[in-house]
Amino acid sequence: MQILNFTITENTQLTRDIWRVRLHNPQAERPKTGQFVNLQIDGHYLRRPISICDWEDGTYTLIYRVVGQGTTALAQLQPGQVINMLTGLGNGFTIMPAQRPLLIGGGVGVPPLYYLAKELVKAGQRPTMLLGFAREEDVLFQDEKEWDVKVVIGGYVTDGLPAHYDAIYACGPEPMLRGIDRTAKALAPGHMQLSFEARMACGFGACMACTCRTQQGYKRICKDGPILTREEIQWT
C-alpha cells in the first residue's frame, strides 16, 4: 500500500455520466489486477474508492461514474492538478490456469476486467469478454481491438453465458454476481472469482463498514476482498 500525490494527465467524459481519469507518479508501484485505489478529493472527508482499469509505467487509468458530490468534484479536475491517492488496496484477482477463461462485467464493473484481460493474454490465455450494460449509451470497450480478445456485448450477462469455459472472473453489482453463480452451477468450485462492490469508508479494513457474510464468517470487502471465490460466498 502506498500514499502518494499523483498528477492528473487526463480527465475525459466518455458517456453521459462516465469519465476516465489518468494519474501519474513515477514512484507508483504496479498494482495487482482487481485491486482498487482511494482518492482524496478536496472538501470531502471520505476518500472515493475506484477500481483500477489499467496501469502502465506509473500511470493509473480509472473509470468512474459521476453519482454524487465527490465524483462530481472529481470530474471538474483538470490535467496538471494534483490529487492524493491511496493505492494497492484489496486482494486482487489470482490468475488461474485455464484454456477458456470467461470475463464477465456489468456497467462500471467492466473497466477492472480490462487490466485483467491484458495480464491473461500475457500469460498465454485467450479470454472471452461478456459485457452487460443497462443502456446503449453506457457501452464501454465495445471495440475488440481495445482488448485483443473476443468481446460480446449484451444487456443481461446471465442470458449469454457460453457453454464451454473453465474459469470465470466477474465484476459488477451483487444481483449480477448472484445470477452468474446460479447460472454457472456446472463449474467446479474454486474456478470462479467474483469482485464485489460495496460502500467503503476507510478502504483498508479498519472501520468494518463493508462486511459481507461468507462461509468463514464476515469478511471485509475492502481488505479480505473485493475478490471472493465461489466457495467462500454465502448468499443471503
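**Reading the predicted model: buried helix, barrel and loops**

Q: Which residues of helix α4 are called buried?
A: In helix α4 (residues 174-183) they are Met176, Leu177, Gly179, Ile180 and Asp181. Buried means under 20% relative accessible area, exposed over 50%, partly exposed in between (1.4 Å probe, protein chains only). This is a predicted model: local features need pLDDT of at least 70, side-chain atom pairs count only at pLDDT 80 or more, and totals for chains, interfaces and linings use all residues. Residues are numbered from 1 along each chain as its sequence is written, and side-chain values use heavy atoms, without hydrogens and water.

Q: What covers the buried residues of α4?
A: The cover includes β7 (101-106), β10 (167-171) and β11 (192-195). Contact means heavy atoms within 4.5 Å. Helices (H or I, at least four residues) and strands (E, at least two) are DSSP runs, numbered from the N terminus.

Q: What makes β3 and β4 a pair?
A: Two strands pair if DSSP finds at least two bridges between them. Strand β3 (residues 36-40) and strand β4 (residues 48-56) are joined by 4 bridges, so they pair. They run antiparallel. Leu39 stands opposite Arg48 in β4.

Q: Which strands form the closed barrel?
A: Its 6 strands run β1-β2-β5-β4-β3-β6, with antiparallel pairing.

Q: Why is Asp57 called exposed?
A: Its relative accessible area is 61%, and the cut-off is over 50%, so Asp57 counts as exposed. Asp57 sits in the loop between β4 and β5.

Q: What is the phi of Asp57?
A: Asp57 has a positive phi of about 50°, although it is not a glycine. Most residues other than glycine have a negative phi.
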